[in-house]
Amino acid sequence: MTEDKYNHIRQAVEFTNLVKCTLGPRGMNLMIVNEQGHKVMTNDGATIMKNVKSGHPMLDMFKDLAKSQEIAAGDGTTTAIIISGALLNNALQLIEKGIHPTIIIKGYDLANQEAIKILDGIKEKGEKDKIIKTALGSKVSPEIKGHIANLIFKVEDFDNLKLVKLVNENPLDSELYKGTVFEGFTLNDRMESECEGKVCVLDFETNLETEKFNIDDPSKIVQLENAKISHRKKIVEKLKKLDVKCLFYTDTNPAFESLLTENKIMGIVLHTRENLDDICNAVGGKSAGSLESIDSSIGEGKVKYVKGREERKGMIYVEGDRETLIIKGPTSQTLDEIERSVYDVIGLMKNSLEVVIGAGAIEIEISKRILEYAKTIGGKEQLAIEKFADAIDSIPLVLAQNCGLDAIEVLTKIKSEHEKGFTLIGVDEDVGYSDAKDRGLIEPVAVKKHAINSACNVCNLILKTDKLLIGEEKKE
Ligand code: ADP
Ligand code: MG
């Protein structure tokens, strides 16, 4: 084979090798620094693929593969990339023996279909808490994992879950709140920090819009002042009459704030308008666009204000149906890493709860059965199918390598256990291998199916490409 012709396949294999070191519970971090000096430190395959520069349009296929795995299955990106790299590497070996890529593609397609059938045959009903823990497994420390897993376990509606991040805090103080949570502040320390009852959300200025006034003589200044006072008073009188206990508004106005405090109304200033709808939903009201529409827009609920460490910054909690997961962390990097794994799990929870056994056990089982299947096919395709099985083995192999184990020895032992019918044996970071089901290591079958299927598709696309040529620049 010519050196140049299959160089793009070699390049692709090298690119996929990037993420190998991050797989599993003992995965290492990678630091990616872009040209502007912006740093990302992570051991999440999807994040690596998103941030790393491929330098080649063909390699962008792996970036797309990671993205689609993340969106469709919520987890398993590193797995998908590693398998696609192993498939390509094995294809190269066959090509070197004179087997044409078309044959390899055919064999890989057959093996892929078989793998999906095998997964469907093996899958079982899984327990939610275990799925959550396995998915968080490789990203955060055991203590934090336990705490976050418990919070996620309690979430009722993943489609509507809101995520809020708080830096400079202890991850173990992360909480799940039934309602909506956002940043906001009160101007006045004398203000109540909690209240229950009628809630009003203003979507107009409490400061009178002074541009409307044409101040051409001094007496108008007095007039304007009076108009401002009267505007404030009218709002507060109306709120008082309607027995409003808590008011949200979007402009700072100290005089208005004092008036609210005198009237025992909790006033909360929002930094942006983006939370208005969320609050209205939580309290079952509407935002009032004018003084007149206040009457018909009132809602009811429970509001709490927790003062922040920095001045005039705090968190507002509004009770309601929507759940908010507040994740806390010491630095924005740790917080981002926790957030990413939480998103992984949220993505997973949208899958059905059908699972397979993790820690490489399922991969060993798939590979074993695909080898049996290969014998029924024969011909050169059989060789390709066997190479497919071998590529699936790369997952337990890399898991064992990353745990610092003698990977080949561990893999051989696990395989012989599976031959004896102990199909739940997988990689164990402490003792080499053990029953992965006993350790609660389960993963949604959807993750594995998607990972293998898309790895095979990307690999076959690359195998179908004979050569890469750089196109001439288009003239407009
Ligand atoms: P991915 O992006 O593919 O999800 P991860 O780094 O999250 O990559 O690693 C997932 C793999 O690690 C899965 O095969 C899973 O079964 C395995 N795994 C997770 N926790 C453990 C553990 N404690 N021991 C062995 N394997 C584990
Ligand atoms: Mg994962």
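## A predicted chain and its ligand

The chain has 16 helices and 15 strands, these being DSSP runs numbered from the N terminus (helices: H or I, at least four residues; strands: E, at least two). This is a predicted model, where local features need pLDDT of at least 70, side-chain atom pairs count only at pLDDT 80 or more, and totals for chains, interfaces and linings use all residues. Residues are numbered from 1 along each chain as its sequence is written, chains are lettered from A and ligands numbered from 1 in the order in which they are written, and side-chain values use heavy atoms, with hydrogens and water left out.

User: Which residues are the closest to ligand 1?
Analyst: A residue is near the ligand if one of its heavy atoms lies within 4 Å of it. In the shell around ligand 1 there are 6 nonpolar, 8 polar and 6 charged residues; Ala, Val, Leu, Ile, Met, Phe, Trp, Tyr, Cys and Pro count as nonpolar, Asp, Glu, Lys and Arg as charged, and the others, Gly among them, as polar. Helix α4 (residues 77-96) gives the most, with 3 residues. Of the 20 residues surrounding ligand 1, the closest are D75, T78, T79, A359 and E443.

User: How much of ligand 1 does the protein bury?
Analyst: Start with the polar contacts (pairs of N or O atoms within 3.5 Å). A polar side-chain atom of T79 sits 2.5 Å from a ligand 1 oxygen, and a side-chain N or O atom of E443 is 2.8 Å from an oxygen of ligand 1. Taken alone, ligand 1 exposes 570 Å² (Shrake-Rupley method, 1.4 Å probe). Of that, the protein buries 95%.

User: Is A359 buried or exposed?
Analyst: A359 is found in the loop between β12 (354-357) and α12 (361-377), and its phi is near 60°, a positive value in a residue other than glycine. Buried means under 20% relative accessible area, exposed over 50%, and partly exposed in between (1.4 Å probe, protein chains only). At 13% relative accessibility, A359 counts as buried.

User: And K264, buried or exposed?
Analyst: K264 is in the loop between α9 (254-262) and β8 (266-270). Its phi is positive too, about 55°, although K264 is not a glycine. With 64% relative accessibility, K264 counts as exposed.

User: Which residues does I338 touch, not counting those up to four places away in sequence?
Analyst: I338 belongs to helix α11 (residues 332-349) and is buried, with a relative accessible area of 3%. Contact here means heavy atoms within 4.5 Å. On that basis, I338 touches V140, I144, I148, P171, I327 and K328.

User: Which residues is D393 in contact with, leaving aside neighbours within four places in sequence?
Analyst: D393 lies in the loop between α13 (379-392) and α14 (394-402). Its relative accessibility is 7%, so D393 counts as buried. Its contacts are E363, I364, S367, L411 and K415.

Note on methods: A polar contact is a pair of N or O atoms within 3.5 Å; within protein, one must be able to donate a hydrogen and the other to accept it, and residues adjacent in sequence count only if both atoms are side-chain atoms.
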